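Thank you all for making the time this morning. Please have a look at the sequence and the model before I go through the parts I picked out.

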Amino acid sequence: MKYLLSATAALGMMAGAAAAEGRLDTVLERGKLLCTGHNGSFLGFAEVDDEGNWKGLDIDLCRGLAASLFGSSEGTMDIVPISWAQRWPALQSGDVDVIIKLAGWSQSRDAELNLAYTQPYFVAGFHVMAHADLGVEKVADLDGGSICVSAGTTTERFLAAYIENLGIEAEIIVFESGDEVRTAYFNRRCDGLTLLAPPLAAARATSENPEEHVILPDVIALEPSGIIVPEGDPKWLDVMNWMLTSLWFAELHGITSENVDEFRDNPPSDQIGKFLGVTPGYGDRLGLSNDWAYNLIKEVGNYAEIYDRNIGEPYALPRALNNLYTNGGLFYPLMVD
């Protein structure tokens, strides 16, 4: 919090300058999107494979955004590796154009750092994983122990508040990167590890001996994560919100990366025809080409495809709250007209 307060004035001035230019125009003129990566591997969201290629849900949203802007992400996007704490200065300085890095919406970030959030695109709970041989069944059982957490995240604050409310003494050990915090836990430098449920389950599933670790049932907090742009730049924020709506709209109507050409060639309704750019309007209002949503779906698929590819299939995690409202989840598209 001290860092956030001390940086507020400078970041506010930079945000004003960025908004005056208009980040959408800046990116289009540059011909390339600068999007957030991770300073390690954030399983399911921002990972680097054995060949040095980025993958993950957040990375696919970056790819989809580049395709929306330029028709394809090929040659039009750079992934910039940054830590959690670097997110805000990187956005305000222009080192990145947008934060797509599983960033939770908090009042201090909203009010003090001049950030603007989209609708949430992912909702998950924070949990603690502990070494099974400790015999703990809940977080309260870690009284007198230690818990690893990543620096510069809401996770650290949520965990501190939860421990305080429990009235226990547990040391919080902070590490800079996701790789460091997981390594520290698996090397037994701490008794527990705190992460959002999906990357926590992925860390357990990909460990050498998954049965040696137990995810405790306590839900420390529930956090909605959105895409972040500088405050005062409504055109850029509109692009992000309508990209998310397009992913949910496509899923709702069964439009996928495999069949999007068929839908475009024979739209079943005027609404879907406009959505895919057969008739004008859906892009003109945003300052994009009218077929931008077609390019988006062609590149990365709908939301279900993105989720299944990065989280559901490799880590066997159900969508739960991240389903469409028609499947008992929280997400719904805005009106496409």
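This is a predicted model: local features need pLDDT of at least 70, side-chain atom pairs count only at pLDDT 80 or more; totals for chains, interfaces and linings use all residues.

Does Ala320 count as buried or exposed? Ala320 counts as exposed, because its relative accessibility is 51%, where buried means under 20% relative accessible area, exposed over 50% and partly exposed in between, with a 1.4 Å probe and protein chains only. Residues are numbered from 1 along each chain as its sequence is written, and side-chain values use heavy atoms, with hydrogens and water left out.

Ala320 lies in the segment after helix 13 (303-315), where helices (H or I, at least four residues) and strands (E, at least two) are DSSP runs numbered from the N terminus. Ala320 also has a positive phi of about 55 degrees, although it is not a glycine. Most residues other than glycine have a negative phi. Asn114 is another non-glycine residue with a positive phi, near 55 degrees; it is placed in the loop between helix 5 (107-112) and strand 6, and counts as partly exposed because its relative accessibility is 22%.

Let me turn to helix 3. Helix 3 has 14 residues and spans 20 Å from its first C-alpha to its last, close to the 20 Å expected at 1.5 Å a residue, the expected span being 1.5 Å times one less than the number of residues. Twelve of those 14 residues are buried, so helix 3 is largely enclosed by the rest of the structure. After helix 3 comes Gly71, with a positive phi near 95 degrees.

How does helix 3 pack against helix 12? Helix 3 (residues 57-70) and helix 12 (residues 292-300) pack at an angle of about 145 degrees, with their axes 8 Å apart; axes are lines fitted to C-alpha atoms, for helices over the stretch in contact, and angles run from 0 to 180 degrees between N-to-C directions. On the helix 3 side the contact (heavy atoms within 4.5 Å) is made by Asp60, Arg63, Gly64, Ala67 and Ser68, and on the helix 12 side by Trp292, Asn295, Leu296, Glu299 and Val300.

Leaving aside neighbours within four places in sequence, Leu65 is in contact with Leu33, Val98, Ile100, Trp236, Val239, Met240 and Met243.

I will end with two single residues. Thr194, in strand 9 (residues 192-196), counts as buried because its relative accessibility is 2%. Lys138, in the loop between strand 6 (115-131) and strand 7 (146-150), counts as partly exposed at 41% relative accessibility, and touches Leu216 and Asp218, not counting residues up to four places away in sequence.
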